[in-house]
Amino acid sequence: MKSNAILSAAAAILAASAFLPVHAGDYRSEALAMMKRDFHPRGIAGIDRLDQDAVQAICNRTSDKPPEALAKILQRDQMDAIRWPSDGKYLGNSAAGEKIAQRGKGMTWKDKAGAPGGGGCYNCHQIGPKETSFGTLGPSLYQFGKIRGYGIENQKYVWGKIWNSKATNLCSNMPRFGHSGSLTEAQIRDLTALLLDPKSPVNSQ
Amino acid sequence: MDHLRRMLLKGAGASGALAVALAAGLLRPSRVLAAEWNKAAFGAASVPDALKAVGASGPADSKDVAIKAPDIAENGAVVPVEVDSRIPGTTEIAVLVDKNPLPLAASFTFSNGALPSVALRLKMGKTSNVRVIAKAGGKSYATAKEVKVTIGGCGG
Amino acid sequence: MADPMKIRARLKGDTADIRVLMSHPMETGQRKDAAGKLVPAHYIQNISITLAGKTVVEGQLNTAVSRNPVFGFKVKGAKAGDKVVIHWVDTNGDQRTDETTVTAG
Amino acid sequence: MSRPARSIMALTALALAAGVHGQQPPAAKDRVTADFEKFRAVLEEDNPAELFEAKGEELWKAKRGPKKASLAETCDLGMGVGVVKGAYVRTPRYYPDVDRVMDIERRIVHCMVTYQGFSEKELAKKPFSSLDRTPDPVSLVTYVAGGSRGMKIAVPQKHPKEREAYAIGAEIFAVRAGPWDFSCTTCHGEDGKRIRTQNLPNLATHDGSLKAYQGWPGYRMTGGVMHTLQWRMNDCFRQQRFPEPGYVSDSITALLAYLGATANGHVYKGPGIKR
């Protein structure tokens, strides 16, 4: 595990350095430098948020199309960083999950530190049958469990996807909700139930 | 003040009393010049109460009262609504939003060539019927259309 | 003092199409300000329109009319050059009168 | 390739495309969008933005500020002192007097500070509209934008600094950062997507970027307030979970140069009315 992380970190540095500014007219570096000059911290949103991690830097520099070999290594690294449920239970309360999916607040400079945030899931996904106001940036998740199955493997997949979407798709548009500390373990358990509890309206209606 | 104002406006010797009141600074001219505002109707918390207060209880359904409004509002704060009555002799139109806390949104009277027609924009707290009442020849006619109000934008 | 209205009156046949934009907060009395205090209700209650000196429309409004209200009316028997005068009064007793003339469509 | 083979391939491609669309219920999306568009015209015909244009005109012509000067007599938006017509669709642009590229709001703020004596710090304190207050630059931008209604967008790309602003803006558009890994591209880099029921223009395209350039300054139905592109960029970065960009900063000018020039050639029909 550890050697793998070191390996991937080394790969990231290598990959990043391959794109480092060596000539004038490197507008990407200039853009980042300009933003660091012009932006200021506000509320919980510190200026360090502009520091890209390896995943962000690689995706940015490759227009979200990283070389496959590199993507694999970095994905494994992200996968290793996923925290699995401490009690081994993946499914919480689907009704609570629906509320978290509806709620779009959290992590902006207007939000308070430690305030319970939401997943904002409906911003991008169709999920429950009752909510007609849903976004289309992500795939429809309606009847997710019914179509994909309720088994433990799928429970792990959903948990992992919510915790760290980059573990399976390096440049996914979806935030890494667990990894970034945006959602708690309990919240992710409830969201997993929303998709995979057979009695959740997502699957039963 | 409202009571005083109504008394003044209705009283036979209104103009004299009015002049005195104005001179005494009791009334601002704008208040006096304004038409009556149907407090009972606009304060009514239910559709039947509001209809009763505008003198239009139990209106007959009519296809000759037309509402143009979206099926789904882009934003509940600004719902464009257009109303037309084709019932001859329509003198008054009232617009209600059933599920607003105060259903009666506006009422209009038409005279001297004004067609019984109005376009306006309404606030709607949630999905509701928009109801229109047209008064003609002492009778009331009604029609309604549902407008869905949904969550939009990023919600953040 | 309240900002001026924007009024347009265009002739279509012998019918004037009158559109008006009003600058007004139309406060419901339910909103809280940044400090968490309720903002008192403040809204236009009455509007009236005259065309060539005659009252054609009188309206009574509630808080459900959108902020910065927009209205459209139609008046038959209008001529180009007729004067349109629109007047409103709000719950604070503030008022505003603006006018325009009917233009050929 | 034989004709039948080609048509089979085309059919397969179609089926694949249909399969992808099958992921989302197209009926709901189409109905919502169609219904919004039907009433868009109604909303646009009588746009309360006109009230702010009128206010902005008054401010443009009035002698104001510690120096008691009028912008109409002092401020060059790029078309000559006091000329409003056509200025908006030619910004952001390079201004030789300051040797830098400025977007329209930045230029207006520059004029208010330089010629009228207003404090830039004060103007930057609360630069965006609230229910209780519309900052003067917002009304002024709305007025100036109205002066370009019906004209072709022609954001200049001649001066090297204009080209540099565009190139940097394109990169800022793509910067992925923050706790949610978002960039502008995350939401505005693909056609035909929505957040909730809100359609998302693909701002990297000629037609898509028009929606940004034409939408703002715009009357926002949520709250019933007038907002400019400065606000729109600020609030996008908020929702990107980024720190806050400086008001009328180089970064915003660069981003607007990119968006504006991408829309070049389209006829400007704003100011807008937005959800």
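Predicted model: local features only at pLDDT ≥ 70, side-chain atom pairs only at ≥ 80, totals over all residues.
Local features were considered at pLDDT of at least 70 and side-chain atom pairs only at pLDDT 80 or more, whereas totals for chains, interfaces and linings use all residues. Residues are numbered from 1 along each chain as its sequence is written, chains are lettered from A in the order in which they are written, and side-chain values use heavy atoms, with hydrogens and water left out.

In the model, 40 residues of chain D are in contact (heavy atoms within 4.5 Å) with 53 residues of chain A. The two chains bury about 4300 Å² between them, of which 58% lies on carbon and sulfur atoms; buried area is the accessible area (1.4 Å probe) lost on putting two parts together, summed over both.

The side of chain D that touches chain A divides into 18 nonpolar, ten polar and twelve charged residues, where Ala, Val, Leu, Ile, Met, Phe, Trp, Tyr, Cys and Pro count as nonpolar, Asp, Glu, Lys and Arg as charged, and the others as polar. Six salt bridges (a side-chain nitrogen of Lys or Arg within 4 Å of a carboxyl oxygen of Asp or Glu) are found across the interface; one of them joins D:D181 to A:K166, with the closest N and O atoms 2.8 Å apart.

A strand pairing also links the chains: β1 of chain A (residues 39–40) runs antiparallel to β7(D) and is joined to β7(D) by two bridges. Strands here are DSSP runs of E with at least two residues, and two strands pair if DSSP finds at least two bridges between them. Within β7(D), D:P245 is the bridge partner of A:F39.

Terms used. Helix = DSSP H or I, 4+ residues; strand = E, 2+ residues; numbered from the N terminus.
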